[in-house]
Amino acid sequence: MFIEKMIDDDEVKRIATKVMDGNRISLAEGVILYDNADMATLGFLANKIREDKNGDHTYFNKNLHIEPTNRCVYSCKFCSYYQKKGEEGWEFSREQMLEKIANMGEEITEVHIVGGVHPQWDLHYYGKFFQDIKKLRPDVHIKAFTAVEISFIAKKSKMSVAEGLAALKEYGLDSIPGGGAEIFDEEIRQKVCPHKDTGEEWLYLHETAHKLGIPTNATILYGHIENSYHRIEHLNRLRELQDRTGGFNVFIPLKYKKENNELGYLGEVSIIEDIKLYAISRIFLDNFGHIKAYWPMIGKDISQLLLSFGVDDFDGTINDSTKIYSLAGAEDQSPSMSTDDMVKMIKDAGRVPVERDSIYGIIKEY
Ligand code: SF4
């Protein structure tokens, strides 16, 4: 086999052959491959799986992000977003947020809502907002809240996680975006976000959502104090849950960025680390349909490159509606792309642009 000639290390060769034969690799094999395979090998394997699953299709949607507030009861050490002492804060009223959606007309198919965990706003406060969105645009998909936001607002409304999710679904929630997974390893999580819900609580909430028929996405926050074992172990917990429910739409690696947060002294990992992480995610998560490069965070150029390392999704047009990564020092301080820009970017990388809905139904192939 061609791949065997590319690799010197016998153990890497054995694991790579297993991947090429379509077999699942174990956690231990995932760590060996990640630590010892060169970038070309990882890219070759990831691209094969990407093309087996999705051909040349590269998905995107037309979406608007709403970030209701940066006030937050938590203070995660990697977070550049929440309002710190002496910093400017914001709280949008439901009317202001609804106006942002109304201003988009028919242009968008999805509203993505995440923000800080506001001390006062409960589940019914947001529920009313969801109802208003659906009155305005019954066809728009509401993808909202990280797990920690949901568990907080449910608790505030005296509901269990399952009751809270069912109530949000009733109000109009269609799916959950997947942020807040951070890193599941208990020791590392304790160091970077000691007060936040645990990794097991994140997984429980997503499993409960899947059982209620609410699809969700999954993420990892990489590039701070975790090592390669912690990363693969994180992927392994997601793969196990996906085996049980099949409820995840897509996996999105999120890079730690250093500006305006407590861990800034760590700096940022290199582009080589980024590429390897995307590739190993595609190889390891054999039961996930899609891997997304979130371009406002990783950059447009690197996103294009990642289309050869396992990625088949570019998120959406965004319309300059998110501050989460610009506050953390991302290159693009006003992230926005027209459909034409998105289509060109994908075609320039030799792939086929496909506009999708929020659960990967095809709207238009370009
Ligand atoms: S990551 Fe989320 S929960 Fe943590 S401080 Fe930032 S906004 Fe709050």
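This is a predicted model: local features need pLDDT of at least 70, side-chain atom pairs count only at pLDDT 80 or more; totals for chains, interfaces and linings use all residues.
**Entry 1. Domains**

I began with the division of the chain. The protein is split into domain 1, residues 1-37, and domain 2, residues 46-365. I looked up the distance between the domain centres, taken over C-alpha atoms, and noted 30 Å. I then looked up the contacts: 12 residues of domain 1 touch 18 residues of domain 2.

**Entry 2. The interface between the domains**

The size of an interface is often expressed as the accessible area lost when the parts come together. For domain 1 and domain 2 I recorded a buried area of about 1300 Å², with 64% of it on carbon and sulfur atoms.

I turned next to the polar side of the interface. The rule finds two salt bridges across it. I also noted six residue pairs in polar contact between domain 1 and domain 2, both residues of each pair being at pLDDT 80 or more. On the domain 1 side, the elements that give two or more residues are α2 (10-20) and α3 (27-36). Of the elements on this side, α3 gives the most, with six residues.

A salt bridge that I looked up individually joins Arg24 to Asp286, and its closest N and O atoms are 2.8 Å apart.

**Entry 3. Helix α2**

I examined α2 from its start to the residue that follows it. At the start of the helix, a side-chain oxygen of Asp9 comes to within 2.9 Å of the backbone nitrogen of Glu11. I listed the buried residues of α2 as Val12, Ile15, Ala16, Thr17, Val19 and Met20. After the helix comes Gly22, and I noted that its phi is positive, near 85 degrees.

**Entry 4. The largest nonpolar core**

I looked up the largest nonpolar core and found that it has 112 residues. Leu33, Ile113, Phe130 and Leu238 have the most contacts inside it. Which helix gives the most to this core? It is α12, residues 271-284, with seven residues. I also recorded that both domain 1 and domain 2 contribute at least three residues each to this core.

I took Phe130 as a case to follow. Apart from residues up to four places away in sequence, Phe130 touches Ile113, Ile142, Ala144, Phe145, Leu168, Tyr171, Gly172 and Leu173. Ile113, in this list, is itself among the core residues with the most contacts.

**Entry 5. Leu123**

I located Leu123 in helix α6, residues 123-136. Its relative accessibility is 0%, so Leu123 counts as buried. Beyond its neighbours within four places in sequence, Leu123 is in contact with Ile153, Ala154, Ser157, Met159, Gly164, Ala167, Leu168 and Tyr171.

**Entry 6. Asn61**

Is Asn61 buried or exposed? I found a relative accessible area of 1%, and Asn61 is therefore buried. Asn61 lies in strand β1, residues 57-61. Its side chain makes a polar contact of 3.0 Å with the side chain of Glu110. Setting aside neighbours within four places, I listed the contacts of Asn61 as Thr109, Glu110, Asp315, Gly316, Thr317, Arg356 and Ser358.

**Entry 7. Arg231**

Arg231 is in helix α11, residues 228-245. I recorded a relative accessibility of 5%, so Arg231 counts as buried. The side chains of Arg231 and Glu226 make a polar contact at 2.8 Å. Beyond four places in sequence, the contacts of Arg231 are Tyr34, Ile183, Ile220, Tyr222, Gly223, Glu226, Val269, Glu273 and Leu277.

**Entry 8. Leu254**

I found Leu254 in strand β6, residues 248-255. Leu254 has a relative accessible area of 17%. Buried means under 20%, so Leu254 qualifies. Leu254 and Tyr278 are 24 residues apart along the chain, and I noted a C-alpha separation of 9.8 Å between them.

Terms used
Residues are numbered from 1 along each chain as its sequence is written. Side-chain values use heavy atoms; hydrogens and water are left out. A nonpolar core is a set of buried Ala, Val, Leu, Ile, Met, Phe, Trp, Tyr and Cys residues joined through side-chain atoms within 4.5 Å. Buried means under 20% relative accessible area, exposed over 50%, partly exposed in between (1.4 Å probe, protein chains only). Helices (H or I, at least four residues) and strands (E, at least two) are DSSP runs, numbered from the N terminus. Domain bounds come from an automatic or database domain assignment. Contact means heavy atoms within 4.5 Å. Buried area is the accessible area (1.4 Å probe) that two parts lose on being put together, summed over both. A salt bridge is a side-chain nitrogen of Lys or Arg within 4 Å of a carboxyl oxygen of Asp or Glu. A polar contact is a pair of N or O atoms within 3.5 Å; within protein, one must be able to donate a hydrogen and the other to accept it, and residues adjacent in sequence count only if both atoms are side-chain atoms.
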